[in-house]
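These notebook entries record what I looked up in the structure, entry by entry.

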Amino acid sequence: MTTFDFPDDLLAAAHTSWEAIQAGTLTVAQADAVQDGVTAFATEGGHNRHEVEMALKKVVRHPEPAEG
């Protein structure tokens, strides 16, 4: 899978949405914000939107353990 350098605002929105999903409180506005951010990031970078979305989910939902 391709690695992307996601902007902080997209990562924050995705983290907030993931926490809301787990709590059962996700709103349409939160979901839309993440989808809009994914689409904009993919379009600006010439990337496949689905690949961007999957990579973002992996970063947020399955973070690499911290080294050290």
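I began with Glu53, which forms a salt bridge with Arg49, the closest N and O atoms being 2.9 Å apart. I noted that the model is predicted. Both residues belong to helix H3; because they are 4 residues apart there, about one helical turn separates them.

I then looked for other bridges and found that the count comes to 2 salt bridges. The other entry pairs the side chains of Lys57 and Glu53, at 3.4 Å from N to O. Lys57 and Glu53 also lie in helix H3, 4 residues apart, or about one turn of the helix. Through shared partners, the salt bridges join Arg49, Glu53 and Lys57 into one network.

**Accessibility of the network**

Is Glu53 buried or exposed? I read a relative accessibility of 15% for Glu53, and the limit for buried is under 20%, so Glu53 counts as buried. Arg49 has 26% relative accessibility and therefore counts as partly exposed. Lys57, at 31% relative accessibility, likewise counts as partly exposed.

I also checked what Glu53 touches beyond its neighbours within four places in sequence, and the residues are Gln35 and Val38.

**Packing of H1 and H2**

I turned next to the helix pair. In general, two packed helices are described by the angle between their axes and the distance between the axes. For helix H1 (residues 8-23) and helix H2 (residues 28-45), I noted an angle of about 145° and axes 9 Å apart. H1 passes H2 in a left-handed crossing.

Which residues make the contact? From H1, I listed Leu10, Ala13, Ala14, Thr16, Ser17 and Ala20. From H2, I listed Gln30, Ala31, Val34, Gly37, Val38 and Phe41. The residues of this contact divide into 8 nonpolar, 4 polar and no charged.

**The nonpolar core**

I looked up the largest nonpolar core and found that it has 13 residues. Those with the most contacts inside this core are Phe4, Phe6, Leu10, Val38, Phe41, Val52 and Leu56. The elements that give two or more residues to the core are H1, H2 and helix H3 (49-61).

Leaving aside its neighbours within four places in sequence, Phe41 is in contact with Phe4, Asp5, Phe6, Pro7, Leu10, His47 and Val52. Leu10 and Phe41 are also listed in the contact of H1 with H2.

**Ile21**

My last entry concerns Ile21, which has its place in helix H1. What is the relative accessible area of Ile21? The value is 39%, so Ile21 is partly exposed. Not counting residues up to four places away in sequence, Ile21 touches Leu26 and Arg61. I also noted the pair Ile21 and Ala31, which are 10 residues apart along the chain and have C-alpha atoms separated by 9.6 Å. Ala31 is one of the H2 residues in the contact with H1.

Terms used. Residues numbered from 1 in each chain as written. Predicted model: local features only at pLDDT ≥ 70, side-chain atom pairs only at ≥ 80, totals over all residues. Heavy atoms only, no water. Axes fitted to C-alpha atoms, helices over the stretch in contact; angles between N-to-C directions. Left-handed = near helix turned anticlockwise from the far one by under 90°. Contact = heavy atoms within 4.5 Å. Nonpolar A, V, L, I, M, F, W, Y, C, P; charged D, E, K, R; others polar. Core = buried A, V, L, I, M, F, W, Y, C linked by side-chain atoms within 4.5 Å. Buried < 20%, exposed > 50% of the residue type's maximum accessible area, 1.4 Å probe, protein only. Salt bridge = Lys/Arg side-chain N within 4 Å of Asp/Glu carboxyl O.
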